[in-house]
Amino acid sequence: MSQQVRVRFAPSPTGPLHIGGVRTALFNYLFAKKNNGVFYLRIEDTDQNRFVPGAEAYIMEALEWLGIAPDETVGKNEKFGPYRQSERKHLYKKYADALIESGNAYYAFDTAASLDFHRKNAEDDGNTFIYMFSQQK
């Protein structure tokens with residue numbers, strides 16, 4: 001059975017759309033159209049520290065202006081949404097929980113300051129910082 005081509009563009013709303021993002025969107029759009037497929041936009045908004053208000057709308061407007069508007073996105077033909085990554089957390093949680101339960105993943109409670117401290121110490125010693133998990137029992 002043949003499946004319809006589905007390609008996505010997944011920018012982060014951390015500012016204006018840049019030329020590299022435009023190139024990626026254009027290539028994906030053209031590939032989808034050549035193959036009678038769907039070009040969809042998913043917003044990668046999980047980095048809330050760098051989130052810029054209005055950036056999501058700007059990205060959508062820029063794609064429209066460029067003539068490469070997505071077939072599906074937030075508020076448009078939402079067949080396989082949600083189209084904001086932050087709204088998909090519930091879909092991923094069961095898989096993350098299964099990985100933890102099987103021992104193939106773990107919760108990490110390292111602070112940014114702690115990681116920076118260890119990174120700096122490694123660099124001061126001329127080493128590359130490599131994160132090593134050690135579970136204390």
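**Legends to close-up views of the predicted model**

**View A. Val52 lies in the loop that joins strand S2 to helix H2.** The model shown in this and the following views is predicted. Once neighbours within four places in sequence are set aside, the contacts of Val52 are with Pro13, Thr14 and Gly15. Ser12 stands 40 residues away from Val52 along the chain, yet the C-alpha atoms of these two residues are separated by 9.4 Å.

**View B. Glu56 is a buried residue of helix H2.** The helix spans residues 55-66. The relative accessibility of Glu56 is 14%, so this residue counts as buried, the limit being under 20%. Which residues does Glu56 contact, leaving aside neighbours within four places in sequence? They are Pro13, Ile43, Val74 and Arg84. Pro13 also belongs to the contacts of Val52 in View A.

**View C. The largest nonpolar core is built from 14 residues.** Among its members, Phe9, Leu17, Ala25, Phe39, Leu41, Leu63 and Ile68 touch the most other members. At least two residues of this core come from each of four elements: strand S1 (6-9), helix H1 (19-34), strand S2 (38-41) and helix H2 (55-66). The greatest contribution is that of H1, which supplies four residues. Ala25 illustrates the packing: not counting residues up to four places away in sequence, Ala25 touches Phe9, Phe39, Leu63 and Ile68.

**View D. Tyr83 is buried in the loop between H2 and H3.** The relative accessible area of Tyr83 is 2%, and the residue is classed as buried because this value is under 20%. Beyond neighbours within four places in sequence, Tyr83 is in contact with Arg6, Tyr40, Leu41, Arg42 and Ile43, and also with Glu72, Thr73, Val74, Asn77 and Glu78. Leu41, one of these partners, is also listed among the core residues that touch the most other members.

**View E. A cis peptide bond leads from Gly81 to Pro82.** The omega angle of this bond is near 5°. Pro82 is placed in the loop between H2 and H3, the loop that also holds Tyr83 of View D.

**View F. Asn36 and Asn77 have positive phi angles without being glycines.** Phi of Asn36 is about 50°, and that of Asn77 is near 50°. Asn36 is found in the loop between H1 and S2, whereas Asn77 is found in the loop between H2 and H3. Are these two residues buried or exposed? Asn36 is exposed because its relative accessible area of 65% is over 50%. Asn77, with a relative accessibility of 46%, counts as partly exposed. Asn77 is one of the residues in contact with Tyr83.

**View G. Tyr106 is located in the loop between helix H3 (89-102) and helix H4 (112-124).** Its relative accessibility of 38% makes Tyr106 partly exposed. Ala96 and Tyr106 are ten residues apart in sequence, with a C-alpha to C-alpha distance of 9.0 Å.

**View H. The whole chain provides the setting for the close-up views.** Four helices and two strands make up its secondary structure, arranged along the sequence as β-α-β-α-α-α. The C-alpha trace spans about 55 × 35 × 25 Å along its principal axes. The radius of gyration of the chain is 20 Å, whereas a compact globule of 137 residues would have a value near 14 Å. Of the 137 residues, 26% are buried. Contacts between residues 24 or more positions apart account for 67% of those with a separation of 6 or more. Carbon and sulfur atoms contribute 54% of the accessible surface, which comes to about 10,100 Å².

Methods. Residues are numbered from 1 along each chain as its sequence is written. This is a predicted model: local features need pLDDT of at least 70, side-chain atom pairs count only at pLDDT 80 or more; totals for chains, interfaces and linings use all residues. Side-chain values use heavy atoms; hydrogens and water are left out. A nonpolar core is a set of buried Ala, Val, Leu, Ile, Met, Phe, Trp, Tyr and Cys residues joined through side-chain atoms within 4.5 Å. Buried means under 20% relative accessible area, exposed over 50%, partly exposed in between (1.4 Å probe, protein chains only). Contact means heavy atoms within 4.5 Å. The radius of gyration is taken over C-alpha atoms; the globule rule is 2.2 Å times the number of residues to the power 0.38. Accessible areas come from the Shrake-Rupley method with a 1.4 Å probe; for residues, only the protein chains shown count as cover.
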